[in-house]
Amino acid sequence: MARRGVPALGSAAMEIARQDRPAAWLLWLLLALTAVRLLVGGAMGLTDDEAYYRLWSLAPDWGYLDHPPLVAWLMWLGRALAGDSAFGLRLLGPLLALGGSLALWRTARLLGDARLADRAVLLFQACPLIGIGTVILTPDTGAVLAWVLALWSLAEFERSRDPRWLLLTGLAAGLGLLSKYTVLALGAGILLWLLRHRDLRPTLRAWPLWAGGLLALLLFLPVVLWNREHDWISFAKQVGKAADWSGFGPRFTAELIGVTVISLGVLPAPLAAWGFWRSLRGATPRQTLPAIVALPFLLFLLQHSLHELVLGQWSAPLYPAFAILAAQGLALAEARAGLWRRWAWATLRLGVPACLASVALLYAYVAVPGVPVLARKETTTQTRGWPALAAEVEALRLAQGAAWIATHGYATTGQLAFRLPGVPVLQLDERERYLNLPAPPAELWRQPALFVEIERLATLPPLRRRFRRVEFLGTLERREGDQVLRVYAVYLLAEPKGDPLDNPKRDLP
């Protein structure tokens with residue numbers, strides 16, 4: 001038996017197994033969803049960003065231009081376990097989502113009861129954003145897991161008042177910082193929560209709190225050192241956005257709210273808002289935990305929306321807290337008469353099944369062969385048509401005697417590199433995206449290249465500044481059935497004027 005007061009995670013797990021545990025139907029649902037997500041992840045093509053992150057995973061490093069390194073490490077591990085395939089690259093996403101869902105259940109159970117916990121996990125799984133995000137592997141995967149682990153450890157601390165649980169909080173925060181820089185807001189939320197309650201303020205003098213913070217910073221330190229060695233390029237690109245107050249105006253705030261409502265589910269969203277409001281006004285640490293810890297990150301997103309578009313997935317780390325708050329709002333609504341009670345009934349009987357069904361339809365749309373494309377420019381088209389296009393590119397490369405493939409955009413680079421693993425595929429500009437990869441051998445430049453890029457991006461002047469010989473070969477189409485998704489211009493390049501990669505970023509559009 002663990003010593004009294006020691007935060008034994010094994011003992012906590014045994015307690016769940018003995019007494020409180022998810023309902024059997026919920027466990028079966030989680031296992032079924034995990035299996036489906038693994039199958040869908042193996043069947044659908046890579047997104048452009050995933051193909052790009054795969055290039056990072058070929059040579060894992062402590063940092064990259066766009067994000068910290070955890071997504072690349074997860075892909076590297078998945079490739080090592082299951083091969084360099086869509087299934088291998090995405091393997092850890094659904095598995096981490098399963099573990100995170102169990103941690104979410106435990107968190108909600110500590111903040112309420114088993115019924116609340118079952119509903120929180122159900123609402124979390126029903127979120128369309130989570131349904132999509134648990135199939136593909138992005139930096140948000142690690143950030144969501146880190147956030148729910150932090151909430152779990154804070155809930156355990158609130159129950160036991162043993163500050164040593166905060167060491168786990170620090171570990172979770174450190175893993176979050178290895179996923180996305182915006183997880184910095186988690187630390188602000190934790191301090192705000194401790195300051196909010198008089199009985200928690202003595203924790204500010206407890207050594208585990210500061211040791212946990214130090215642990216998070218130590219995990220993040222190699223990322224800082226990597227940035228220092230590379231002229232702070234990643235911090236300048238990502239963290240600098242938070243300090244940008246130019247173009248102030250509410251242009252994108254309404255869009256952020258709308259996307260959040262759709263991502264949560266139209267019926268659960270008002271319940272989450274009600275739960276958030278009641279949580280902020282709560283009198284005890286247990287009542288305020290999910291809302292106050294989320295508040296700084298939520299304010300950051302709102303601030304950013306006042307001058308720039310906020311992409312829907314940026315808010316993904318908040319969805320574990322949103323799910324708990326929606327479950328609390330559901331309980332509040334059920335205790336009322338009239339509209340709110342009917343809304344709670346509709347959420348459980350209609351809203352949750354509708355959300356799960358919509359995600360299932362999306363899975364079928366992206367994973368079942370032969371399903372026609374609904375719109376030429378919708379987001380999932382980036383996953384389609386690449387095998388056939390890559391085969392055409394390879395046949396043309398061999399026919400022209402080209403030794404390598406040149407591109408302009410990271411999307412084309414990543415997708416063709418994934419489909420043609422034995423052929424060098426090099427983006428001519430933005431070389432800061434590939435600092436982890438070794439420089440190509442100089443003798444490669446003595447051989448012709450096949451330039452392939454979306455037609456509107458393949459402009460001639462930059463190519464002629466790099467190469468003496470630029471010959472237009474025609475166009476290729478990336479298709480899904482009879483539908484043309486993208487048209488790519490193809491050029492034969494030869495006789496470079498020096499190193500063709502040694503060009504300013506502005507040299508191409």
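Student: Is glutamate 430 buried or exposed?

Tutor: Glutamate 430 is buried, as its relative accessible area is 19%. Buried means under 20% relative accessible area, exposed means over 50%, and partly exposed is in between, with a 1.4 Å probe and protein chains only. Please note that this is a predicted model, in which local features need pLDDT of at least 70 and side-chain atom pairs count only at pLDDT 80 or more, while totals for chains, interfaces and linings use all residues. Residues are numbered from 1 along each chain as its sequence is written, and side-chain values use heavy atoms, with hydrogens and water left out.

Student: Where is glutamate 430 found?

Tutor: Glutamate 430 sits in the loop between strand E2 (425-427) and strand E3 (449-454). Strands (E, at least two residues) and helices (H or I, at least four) are DSSP runs, numbered from the N terminus.

Student: What is the phi of glutamate 430?

Tutor: Its phi is near 50°, a positive value in a residue other than glycine. Most residues other than glycine have a negative phi. Tryptophan 232 also is not a glycine, and has a positive phi of about 60°.

Student: Where is the place of tryptophan 232, then?

Tutor: Tryptophan 232 belongs to the loop between H12 and helix H13 (233-238). With a relative accessible area of 38%, tryptophan 232 is partly exposed.

Student: Next topic: what is the mean pLDDT of the protein chain?

Tutor: The mean is 90, and 93% of the residues reach 70 or more. The pLDDT is the predictor's confidence in each residue, from 0 to 100. Over residues 1-9 the pLDDT is below 50, and this stretch has twelve contacts in the model beyond near neighbours in sequence. Contact means heavy atoms within 4.5 Å.

Student: Now the helices. At what angle do H10 and H12 pack?

Tutor: Helix H10 (residues 165-177) packs against helix H12 (residues 207-229) at an angle of about 20°, and their axes are 7 Å apart. H10 is therefore roughly parallel to H12. Angles under 35 degrees count as roughly parallel, over 145 as roughly antiparallel, 65 to 115 as roughly perpendicular and the rest as oblique. The axes are lines fitted to C-alpha atoms, for helices over the stretch in contact, and angles run from 0 to 180 degrees between N-to-C directions.

Student: Which residues in H10 and H12 meet?

Tutor: Among them are Leu166, Gly170 and Leu177 in H10, and Trp207, Ala211 and Phe220 in H12. By class, this contact of H10 with H12 has 14 nonpolar, three polar and no charged residues. Ala, Val, Leu, Ile, Met, Phe, Trp, Tyr, Cys and Pro count as nonpolar, Asp, Glu, Lys and Arg as charged, and the others, Gly among them, as polar.

Student: How about H7 and H17: what is the angle there?

Tutor: Helix H7 (residues 114-126) and helix H17 (residues 319-334) pack at about 125°, with their axes 8 Å apart. H7 is therefore oblique to H17. The residues of their contact divide into eleven nonpolar, one polar and three charged.

Student: What does arginine 119 touch?

Tutor: Arginine 119, in helix H7, touches Ala327, Leu330, Glu334 and Leu348, not counting residues up to four places away in sequence. Arginine 119 is buried, with a relative accessible area of 12%.

Student: And alanine 321, where does that lie?

Tutor: Alanine 321 lies in helix H17 and counts as buried at 0% relative accessibility. Leaving aside neighbours within four places in sequence, alanine 321 is in contact with Leu151, Pro290 and Ala294. From C-alpha to C-alpha, alanine 321 and proline 500 are 49 Å apart in space, and they are 179 residues apart in sequence.

Student: What is the place of proline 500?

Tutor: Proline 500 is in the segment after strand E5 (483-496). Proline 500 is buried, with a relative accessible area of 1%. Beyond residues up to four places away in sequence, proline 500 touches Trp404, Leu428, Trp445, Arg466 and Phe467.
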